[in-house]
Amino acid sequence: MLKHKALTRITLAIILLTTIFSGVAYAASSTKIDVNFYNLKYFFNGIEKKAPEDNKGFIYKGTTYVPLRFVADNLNQVVKWKSDTYTISMTSKQLGAETGGNVTDAERLKEAEQKIAELEKRLNDQGSSSSHDGWVTYETKNLKLHFTPKADEKFHYLYTEAENILKAHEKFFGANTLTKKVEIWIHDGDGIFKIDTGAFYNEQHNAIKLAAEESYNMAGDDAVRFVFAHELAHAYLHQKWDIHKLGSTLSGRLNWLLEGQADYLAKKVLGYSQYGSRSDPAGDKRDLAFYKNELKTRNSASGWAPINWSNIKSFADLNAYPNEYFAFESMVFFLQQNYSHDQYLNLYNEIAKGSLPSTAFKNAFGKSEETLVSEYKKYLSVE
């Protein structure tokens, strides 16, 4: 994903469930309530962590309340409480100390861009040596991969398998789409480039940053391959159509178009699971029945961030749910199953040349966007 963090959905799901206790522990007036205590289990990156004995969390009226500081500590966040304003804030531990504990995504991206620029300069100054600043560099036809020593030991297969992975991208986007090599910086728990967890593609530097260890803990080696393939999809899309042109036409609201496609390519086409085959099947197992059932589960009362489908009249309406990548992916599945691949790619051609969405869909598919959304909702049973 663009500036993608591999565990964004998991992190946000926990935070949403938390509700920060604002109406329970810190209310100006107190009300006695009856709650149900359960032996709640907490997993972070696939590793179980025990909550404090005196603060395990509880369930009240169907909502799960969890200890925020415990969750934040395990997500590498700092929690601050201001009693005078009843305010809770969470900031990254990694950059908080340098910026007074108030780090924005824009600041974090700026920091990442500076690090990428510094590393690029060092590489240019030192030539094509195989090792520099502790990094090990390999080149393929389309990629330049930089590993920290620890990452090279554990995830060297990303180099040996890279070009085979890219064959699926070439088939999807068209041959010879990449005209410039993509730089990929892969670290584990080592290296000077450990700016943040997760992974993202930076189109300005044509570079991908990948925290392989975090992805590996999610669901094994396939999860690393998934993140690798997902971010490469962004690089292909940018070199073929220019993300900035797409963003300009869509007023910057790109999630529904970019992230769903990247997940579809990595999971459905390449067959990589992000969270494990039991909960996140890949390849042919991602069939119509799977998409229907998964959307039904996610949209149930107990699902995370249920979508009000009655309000979805256009694909872009799902920008109200920016982290609902699965819904975006199911749109790509719908278009790929019911229309030709050339029509799907032509949608990007239209948007890249400046056609408004209403015109782009009409020119690409011969139908209005509203008609296509209606077909999608019937096809996936989310009416």
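Okay, let's start with L335, which sits in helix α12. Helices here are DSSP runs of H or I with at least four residues, strands are E runs of at least two, and both are numbered from the N terminus. Before I go on: this is a predicted model, so local features need pLDDT of at least 70 and side-chain atom pairs count only at pLDDT 80 or more, while totals for chains, interfaces and linings use all residues. Residues are numbered from 1 along each chain as its sequence is written, and side-chain values use heavy atoms, with hydrogens and water left out.

So, is L335 buried or exposed? Its relative accessible area is 4%, so L335 is buried. The cut-offs: buried is under 20% relative accessible area, exposed is over 50%, and partly exposed is in between, with a 1.4 Å probe and protein chains only. Not counting residues up to four places away in sequence, L335 touches Y344 and F365; contact means heavy atoms within 4.5 Å. The C-alpha atoms of L335 and L372 are separated by 8.8 Å, and these two are 37 residues apart along the chain.

Now the helix pairs. α12 covers residues 325–338, α15 covers residues 369–379, and the two pack at an angle of about 100° with their axes 10 Å apart. Axes are lines fitted to C-alpha atoms, for helices over the stretch in contact, and angles run from 0 to 180 degrees between N-to-C directions. That makes α12 and α15 roughly perpendicular to each other. On that scale, under 35 degrees is roughly parallel, over 145 roughly antiparallel, 65 to 115 roughly perpendicular, and the rest oblique. Who meets whom? From α12 you have A327, S330, M331, F333, F334, Q337 and N338, and across from them in α15 are L372, E375, Y376 and Y379. The residues of that contact split into 7 nonpolar, 3 polar and 1 charged. Here Ala, Val, Leu, Ile, Met, Phe, Trp, Tyr, Cys and Pro are nonpolar, Asp, Glu, Lys and Arg are charged, and the others, Gly among them, are polar.

Next pair: α13 (residues 341–352) packs with α14 (residues 357–365) at about 145°, axes 8 Å apart. The α13 side of the contact is Q343, Y344, N346, L347, E350 and I351, meeting A360, F361, N363, A364 and F365 in α14.

The structure has 25 aromatic pairs. Take F361 and F365: ring centres 6.1 Å apart, planes at 25°, so this pair is stacked. Rings of Phe, Tyr and Trp (its six-membered ring) pair if their centres lie within 6.5 Å; planes under 30 degrees apart are stacked, over 60 edge-to-face, and the rest tilted. F361 and F365 are 4 residues apart in helix α14, so about one helical turn separates them. Both F361 and F365 are buried. Ring pairs also link them into a cluster, including F333, F334, Y376 and Y379.

Leaving aside neighbours within four places in sequence, S314 contacts E369 and V373.

Zooming out, the protein has 15 helices and 12 strands, and 48% of its 383 residues count as buried. That's my tour.
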